[in-house]
Amino acid sequence: MAIFKGAGVAIVTPFNEDGSINYDRLDELIDYHCNNGTDSIIICGTTGESATMTEEEHLECVKFAIERTKGRIPVIAGTGSNCTRTAVDMSKDAACYGADGLLLVTPYYNKATQAGLIAHYKAVAEAVSGTPIIMYSVASRTGCNIEPATVAALVKETENIVGIKEASGNISQIAKIMSMTDGRIDLYSGNDDQIVPLMSLGGIGVISVLSNIAPQQTHDICGKFFSGDIQESAKLQLKAIPLVNELFCEVNPIPVKRAMKLMGMDCGPVRMPLTELTPEHEKTLAQAMKDYGIKVV
């Protein structure tokens, strides 16, 4: 059984002005998503600025999210690292806290070979044999692509590697993954502008940035597709494209954090080396939000 089906939010991490994690606001965001159609919370991923967290902060944030969600929807912990030992340790801790699944990005900077990726994912999977794992392929950020044959080998040989978040943007590669695995993998779109195309290839949802500010709408893109109303699903997908483009006008999560502030849900600053959204982009982002029907305060 899939960890979740539909729209999972790659949730932002709220920070106080001094850079510490704002757990009160995170608590509010968790309730917001549980009450507004989000199908799963993905904590401490790229959008959550995990790359700037200490391991202690990272694990505290994961534990908090699991405890505060209280089983209302699944919580998937981002526990990837470019160090296999670190990924193993964090994954074991997250599993002990009760995470419903783990999201493991490819090791960044190291640029592992495909054999190295197989060894890396198998090492983590063996350490948390009772917890399902979603691989995360986003070569634009990591410099490391998971080839379809590698995905197929891992899914075939490792029982608890069950899914992949595919953010390569390469539809041909994604189709090949589904072909080589005979569709026996939980495919999630890692790009908000490709939800419907990936579901047409057998995908079961999205791990979404858009869901931070439009949770019900993103859920509905998936829900309409699953109910058989493909035309309406595609219509909702296309309506979101201008806003999705603005959410990536600068590197994620800079725009989405500003969008949340514009909605009256201030989640604080981004951590360096990220910087705040430029005034020019804030103006176009605010307009795209208004055009989409989101109230800007």
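These are my notebook entries on a predicted model.

**Ground rules.** I number residues from 1 along each chain as its sequence is written. I keep local features only at pLDDT of at least 70 and side-chain atom pairs only at pLDDT 80 or more, while totals for chains, interfaces and linings use all residues, and side-chain values use heavy atoms, without hydrogens or water.

**Entry: the cores.** I looked up nonpolar cores, meaning sets of buried Ala, Val, Leu, Ile, Met, Phe, Trp, Tyr and Cys residues joined through side-chain atoms within 4.5 Å. Buried means under 20% relative accessible area, exposed over 50%, and partly exposed in between (1.4 Å probe, protein chains only). The largest core has 72 residues. Ile-43, Met-135, Ile-213 and Leu-243 touch the most other members. In soluble globular proteins, nonpolar side chains tend to be buried together.

I then checked contacts, meaning heavy atoms within 4.5 Å. I left aside neighbours within four places in sequence. Among the contacts of Ile-43 are Ile-11, Leu-26, Cys-61 and Val-75.

**Entry: helix α1.** Helices (H or I, at least four residues) and strands (E, at least two) are DSSP runs, numbered from the N terminus. Helix α1 covers residues 23-34. The expected span is 1.5 Å times one less than the number of residues. For the twelve residues of α1 that gives 16 Å, and the end C-alpha atoms are 16 Å apart, which agrees.

Which residues of α1 are buried? They are Leu-26, Asp-27, Leu-29, Ile-30, His-33 and Cys-34. An α-helix has 3.6 residues a turn, so residues three or four places apart point the same way. What covers the buried residues of α1 includes β1 (6-10), β2 (40-43) and α2 (55-69).

Entry: Most residues other than glycine have a negative phi, and most peptide bonds are trans. I looked for exceptions.

- A cis peptide bond joins Asn-252 and Pro-253, with omega about 10 degrees. Pro-253 lies in the loop between α10 (230-247) and α11.
- A cis peptide bond also joins Met-272 and Pro-273, with omega about 20 degrees.
- Cys-44 is not a glycine, yet has a positive phi of about 65 degrees. Cys-44 is buried, at 2% relative accessible area.
- Lys-111 has a positive phi of about 55 degrees. Lys-111 is exposed, at 58% relative accessibility.
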